[in-house]
Amino acid sequence: MEIKVFDSYEEISKAASKIIINQVKNKPESILGLATGSSPLGIYKEMIQDHKGNNTTYQNITTFNLDEYYGIKKTHPKSYHYFMKKNLFNHIDIKKENINIPNGVSKEMDIECKEYNDKLEEHQIDIQLLGIGRNGHIGFNEPGTPFDSTTHQVKLDEKTRQDNERFFDSIEEVPHYAITMGIKNILQSKRIILIATGKCKADAVYGMIRGPIDINCPASSLQMHDDVTVFVDKAAASKL
Ligand code: GLP
């Protein structure tokens, strides 16, 4: 794992977005794995700015998002579908048909998971963007998730629900379930970029990098991948 420590979130966003923008410039039909949460927001801002200023085109890329809440519609303002549109897709020239996000309202979750996996098997992700949960989760793969897991439905940890409460009006509104790409899917990406900032992520960052490779810290599975770059600020790196 390559660890890059920065002074600010802005610097992280600039450096990480450069990698993604160069990837798309060098290979216009790149396959990007995208994430939600606050960590990637700065990267998306940089990508939009670059698209508008330098005309980098996203016409031929394909994207796969990590996860979606279960039971809320795509049009719900707190859904990850809505988040991605608002924060990235509506501002770049990506084709709608090239966007893949798990469907959290599918009536047949088993079929939805299988179809998402099948698509992932056909499209190896060039760069997978990740954040990390305070409990070491990646995507919505909570502690205890087997490393060979593929796309599946999960019951969210209370800690995760509390962390994500800030995006909702109350804790009651935060869904209890989600659908997520599995750890195996994530590890199949060619390259992985993980962003973590703030003291609240320091334990998770320590577990991911220095801890044993253990299912109790899902992010520790990234130690098994040979092309992971971790972008952290000093606070998130404080326990390393
Ligand atoms: C959610 C998402 C994860 C994300 C995590 C951290 O649980 N499912 O993909 O990494 O939150 O979010 P944040 O970047 O807001 O700290």
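Ala, Val, Leu, Ile, Met, Phe, Trp, Tyr, Cys and Pro count as nonpolar, Asp, Glu, Lys and Arg as charged, and the others, Gly among them, as polar. On that basis the shell around the ligand in this predicted model divides into 3 nonpolar, 7 polar and 3 charged residues.

**Ligand site**
- The ligand has 13 residues around it, and those that come nearest are Ser38, Ser39, Asp67, Arg166 and Lys201.
- Ser38 places a polar side-chain atom 2.7 Å from an oxygen atom of the ligand.
- For His137, a side-chain N or O atom is 2.9 Å from a ligand oxygen atom.
- In the case of Lys201, the distance between a side-chain N or O atom and an oxygen atom of the ligand is 2.6 Å.
- Of the 390 Å² of accessible area that the ligand has on its own, the protein covers 94%.

- S4 is joined to strand S8 (residues 177-180) over 3 bridges in the antiparallel sense.
- Asp67, one of the residues that come nearest to the ligand, stands opposite Thr180 in S8.

**Loop residue Asn55**
- Asn55 sits in the loop between helix H2 (41-54) and strand S3 (62-65).
- The phi of Asn55 is positive, about 60°, although this residue is not a glycine.
- With a relative accessible area of 61%, Asn55 is over the 50% cut-off and therefore counts as exposed.

Conventions: Residues numbered from 1 in each chain as written. Predicted model: local features only at pLDDT ≥ 70, side-chain atom pairs only at ≥ 80, totals over all residues. Heavy atoms only, no water. Helix = DSSP H or I, 4+ residues; strand = E, 2+ residues; numbered from the N terminus. Buried < 20%, exposed > 50% of the residue type's maximum accessible area, 1.4 Å probe, protein only. Pairing = 2+ DSSP bridges. Near = heavy atom within 4 Å. Polar contact = N/O pair within 3.5 Å; in protein donor to acceptor, adjacent residues only side chain to side chain. Areas by Shrake-Rupley, 256 points an atom, 1.4 Å probe, with all protein chains shown as cover.
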